Amino acid sequence: MSFARMLAAATARHDSLLCVGLDPDPARFPAGMKGDASRIFDFCARIVDATKDLVCAFKPQIAYFAAHRAEDQLEQLMAYIRRNAPEVPVILDAKRGDIGSTAEQYAREAFVRYQADAVTLSPFMGFDSIEPYLPYDGKGLILLCRTSNPGGSDLQFQTLDSGDRLFEHVARLAAGAWNRDGRLGLVVGATFPQELARVRELAPTLPLLIPGVGAQGGDAAATVRAAWRPDGPIIVNSSRAVLYAGAGEDFAAQARTVALATRAELAAARG
């Protein structure tokens with residue numbers, strides 16, 4: 001099943017716009033696991049089990065695994081999600097951006113090694129940095145557009161000769177000339193609701209992956225009002241607020257409580 005169909009099905013089945021980001025930091029693990037990078041899979045699997053019926057997607061961030069030489073645990077986790085939550089799409093948050101044979105290897109990493117349903121990409125080297133991912137039929141390609149960090153304005157908010165801001169130009173390309181087979185989406189931060197609304201205006205039906213809710217301070221209700229449309233899916237990501245909701249043996253139950261509350265807040269804003 002394609003990423004788009006999986007996302008639509010999981011959103012409907014779980015009545016959820018929530019994506020849980022899997023950013024495992026052993027220094028923040030609960031008692032009994034704390035500081036032990038060999039327990040990354042165990043920690044993430046518990047979070048998956050606690051939230052798999054509440055989410056529209058999971059989003060593992062590859063750097064949190066690679067930094068601890070835990071890529072094998074990421075492979076194990078991806079396989080675990082496919083077995084235990086096969087209806088939930090998995091977005092590999094890698095933010096890759098290169099051309100030619102190097103991009104081909106990054107595509108193979110995402111879709112063959114890790115078996116991701118979608119991957120995040122940097123579009124700033126142009127369309128030929130996106131093309132090597134297209135042969136993987138049905139896989140989602142989610143392009144950085146207006147990121148949640150303050151420094152994103154250094155480039156993304158610059159005005160082009162056309163009059164567009166750079167992030168607007170990226171949104172137009174993703175919704176138009178670049179979206180040859182309908183598999184592109186955009187990353188737009190919850191911390192900039194006005195720009196989020198503008199991206200939705202320019203790309204009315206593209207999936208929007210929206211980080212920044214929770215620990216980064218993005219407002220969940222404002223996010224939904226700005227970006228959700230019946231034919232325009234949104235994937236609202238929360239990572240640290242869910243993962244580290246509890247520091248004891250009941251950390252997974254605490255994560256579920258926060259995920260339930262966030263899902264409910266998003267649903268209420270959607271109406």
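The model is predicted, so local features need pLDDT of at least 70 and side-chain atom pairs count only at pLDDT 80 or more, while totals for chains, interfaces and linings use all residues. Residues are numbered from 1 along each chain as its sequence is written, and side-chain values use heavy atoms, with hydrogens and water left out.

Let us begin with α2 and α4. Helices here are DSSP runs of H or I with at least four residues, strands are runs of E with at least two, and both are numbered from the N terminus. The axes of α2 (residues 40–51) and α4 (residues 71–84) come within 9 Å and cross at roughly 20°. Axes are lines fitted to C-alpha atoms, for helices over the stretch in contact, and angles run from 0 to 180 degrees between N-to-C directions. The two helices are therefore roughly parallel to each other; angles under 35 degrees count as roughly parallel, over 145 as roughly antiparallel, 65 to 115 as roughly perpendicular and the rest as oblique. The crossing of α2 with α4 is right-handed, the term for a near helix turned clockwise from the far one by less than a right angle, with anticlockwise being left-handed. In contact, meaning heavy atoms within 4.5 Å, Ile40, Phe41, Cys44, Ala45, Val48 and Asp49 of α2 meet Gln73, Gln76, Leu77, Tyr80 and Ile81 of α4. These residues divide into eight nonpolar, two polar and one charged. Ala, Val, Leu, Ile, Met, Phe, Trp, Tyr, Cys and Pro count as nonpolar, Asp, Glu, Lys and Arg as charged, and the others, Gly among them, as polar.

Next comes α9 (residues 220–227), which we meet with two partners. With α8 (residues 193–202), the axes come within 8 Å and cross at roughly 25°. That makes α8 roughly parallel to α9. Here Pro193, Leu196, Ala197 and Arg200 in α8 touch Thr223, Ala226 and Ala227 in α9.

With α11 (residues 251–270), the axis of α9 again comes within 8 Å, crossing at roughly 40°. That makes α9 oblique to α11. Ala220, Ala221 and Val224 of α9 meet Glu265, Leu266, Ala269 and Arg270 of α11, a contact with five nonpolar, no polar and two charged residues.

Finally, look at the second largest pocket, which holds about 200 Å³ of space. Of its 18 lining residues, Ala4, Gly182, Arg183, Leu184 and Pro207 are the closest to its centre. A pocket is an open set of points on a 1 Å grid over the protein atoms alone where a 1.4 Å probe fits, with protein on both sides within 12 Å along at least five of seven lines; lining residues have an atom within 4 Å of a point. Its volume is the space filled by probe spheres set on the points, which are joined across faces, edges and corners. The largest share of the lining, four residues, comes from α1.
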